[in-house]
Amino acid sequence: MPLPPPMVRGASLYHATAFTEESPLASSTYSSEGCNTSASVSEARRHHLHAIRSGFDADIFLANSLVNVYVNVGSIEDARRLFDGMPQRNTVSLSCIISGHVRHRRPSEAVSLFSEMRREGFDPTHFAVGSVLRACSQQRDRRLGEAVHGLVVKNGYALDTVVGNVLMGMYANCVSVVSWNDEYTLGSLISCCQEHIEQILAYVVKSGHLRNVYVGSAVVSTYARFRLVAVARRRFDDMVEKNVVSINGLMVGYVKQSCWEETLEIFSRMRNLGFEMNTDSIVLLLSACACGSEPSWGREVHAHVFRTGIQHENAIGNALVNMYAKCGAGHDAKKVFKLMPKKDSISWNATISGLDQNECYQESFETFLVMMRERLVPDNLTFVSTLSSCGNLASVQSGQQIHSHIIKRGLDLDVSVGNSLLTMYASSGSINDSLKVFSRMVGRDQVSWNSMIGALICKTGRAQSANEERWVCSSD
C-alpha cells in the first residue's frame, strides 16, 4: 500500500473516514509496541493507513508513535515524510526524528533537525541533546560538539549520566584523550561523565591541570557529590587559586554529610579572605542552619544577606523561611515571608508548613486562605500541611472546606493527601468521615492503616473494631 504523499506543515494526512472497532487503532493509547523492530515496513504502513482511515491523522501522540515505528523497522524515509506532514509537532516528535537519523547514520540531517528544533522555540530535551552529540561524534565535528556542550551546561543537563557519557564519547571520538589540554573541556567532563571519572581524574592529576581553578573546582565538586568529603577537602586545600564554585562544591558535600559546623566554618573562612558569596552559597548555608536547628547561625547568615543587599532574591527568601521554620522560629519565618516582594509555590508551602510545624495552626490555615484568594494553585504539599493544622484545630468545618478544594484539584487520589484527610477527620472527632475517606482511597500504605487503626482505637476504645475494619478493607 503506497504511503500518503509528503505534506507541508499544517496539512492533514488524509480526510478522515469512519472509525471501526475492528481497527487495530481502536485504542487511543496505541503505541509503537504494535510494530517492533522485527515488523516489516508494509505492516507499519498498514497501521499508518488505519490511522488515516480512522480519523486519528491529527493525533500528535499517534503520529509520534508512527514516526518511531518507521524508525524501528528501518524506514527513515517514511518516518521523515510522516514527520514533515504532521499538522503539529512537539519535543517528542523532534526528539524521535533526530534520534532516528542518528541511528540510521545520517548525522548532518540530525544536526539540521536539531537546529530547526531550536529555531522553532522548542527546548531541547536531554534525549535530543544526546542524539545530536552522537551526530557530532559520527561526523567527528568537535567544534559543533563543543557548542552543544555549552547548551548542555546552560540547560542543566551536565549531571545527566546518559548525556555525560555521550559527551565523553564524542570528545573521545573527535580527539585523543592525551591531547585534551582545554581546561573548560576537562572541567565539564569531570562534572558530568561519572562512568569515566577515575580515568579523567588520573589524567588531570598527572598532567598538572589541577592547578587550573576551573578544573580544580570541578574535581572538588565531583568528590563532594560522591560524598567523599575528606578527599574533596584535601583537593580544595591544595588549590592555589579558589573561587565561589569550588567553595560551593565543598559546602554541598558537607551539607550532604550533615557536617553543619564545617559548612559554616568554610563559609566564614572564605568570607574573611574576601570572597563574594553568591545566591547558591547562601542557600546552602541556610540549609545547613535549618538542618542543624541553629537559629543563631541562621540569623548571622540573615544579617550577612542584608549587608550584601540580596535579601529580595526569591531563592534566598524561601531558604530563610525554611530555616526559621525548622529552627522553631515560626513567627520569624512569617515576617520574612511577608517582606518577600515575589512569592512562588515554594514560598507559600514553606510558610504554611512552617507555621503548622511551630503549632501556629490558625495562622497556617489563614495563610492558605490568603493563597486561595490570590488565585494561586495549591499542590499536595500545601494541602497536607493545611489539613494538619485543621486537625490540630479540631475544626471539621475548615477541614471540609479544604476537602472540597482537594476534590476540585483532583488530588483526592493522592495517598499522602488521603492520609492527611483521614487523620484530620479523626483528630476533629469525625470518625465516620475518616472511615469514608479510608474506604475510598485507591491506594493505601502503612501510614494509612496505622492512622485509621489508631484513630479507631483512640476514639472508640475498641481494638476489635479496628481489626475488623482492617480485615474488611484488605479483602476488598
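1. Helices H13 and H14 pass each other in a left-handed crossing, a term for a near helix turned anticlockwise from the far one by less than a right angle, with clockwise being right-handed. The model is predicted, local features need pLDDT of at least 70, side-chain atom pairs count only at pLDDT 80 or more, and totals for chains, interfaces and linings use all residues. Residues are numbered from 1 along each chain as its sequence is written, and side-chain values use heavy atoms, with hydrogens and water left out.

2. The axes of H13 (residues 244–256) and H14 (residues 260–272) come within 8 Å and cross at roughly 165°. That makes H13 roughly antiparallel to H14. For such classes, angles under 35 degrees count as roughly parallel, over 145 as roughly antiparallel, 65 to 115 as roughly perpendicular and the rest as oblique. Axes are lines fitted to C-alpha atoms, for helices over the stretch in contact, and angles run from 0 to 180 degrees between N-to-C directions. Helices are DSSP runs (H or I, at least four residues), numbered from the N terminus.

3. On the H13 side, the contact (heavy atoms within 4.5 Å) is made by Ile247, Leu250, Met251, Tyr254 and Val255. H14 contributes Trp260, Glu262, Thr263, Ile266, Phe267 and Met270. By class, the contact of H13 with H14 has nine nonpolar residues, one polar and one charged. Ala, Val, Leu, Ile, Met, Phe, Trp, Tyr, Cys and Pro count as nonpolar, Asp, Glu, Lys and Arg as charged, and the others, Gly among them, as polar.

4. H20 and H21 (residues 380–393) pack with their axes 8 Å apart, at an angle of about 135°. That makes H20 oblique to H21. The crossing of H20 and H21 is left-handed. Tyr361, Gln362, Ser364, Phe365, Phe368 and Met371 in H20 meet residues of H21, including Thr382, Phe383, Ser385 and Ser389. The contact of H20 with H21 has seven nonpolar, seven polar and no charged residues.

5. Ser364 is placed in H20 (residues 361–373). Ser364 is buried, with a relative accessible area of 0%; buried means under 20% relative accessible area, exposed over 50%, and partly exposed in between (1.4 Å probe, protein chains only). Leaving aside residues up to four places away in sequence, Ser364 touches Ile352, Leu355, Asp356, Ser385 and Ser389.

6. The count of aromatic pairs comes to three. Rings of Phe, Tyr and Trp (its six-membered ring) pair if their centres lie within 6.5 Å; planes under 30 degrees apart count as stacked, over 60 as edge-to-face and the rest as tilted. Phe337 and Trp348 form an edge-to-face pair, 4.9 Å centre to centre, with 75° between the planes. This pair links Phe337 in H18 (residues 330–339) with Trp348 in H19 (residues 345–357), eleven residues apart. Both Phe337 and Trp348 are buried.

7. The ring centres of Phe368 and Phe383 are 5.9 Å apart and the planes stand at 55°, so the pair is tilted. Phe368 lies in H20 and Phe383 in H21, so the pair ties together parts that are 15 residues apart in sequence. Phe368 and Phe383 are buried.

8. Lys342 is in the loop between H18 and H19. Lys342 is exposed, with a relative accessible area of 63%. Lys342 and Glu313 are 29 residues apart in sequence, with their C-alpha atoms 8.5 Å apart in space.

Methods. Helices (H or I, at least four residues) and strands (E, at least two) are DSSP runs, numbered from the N terminus.
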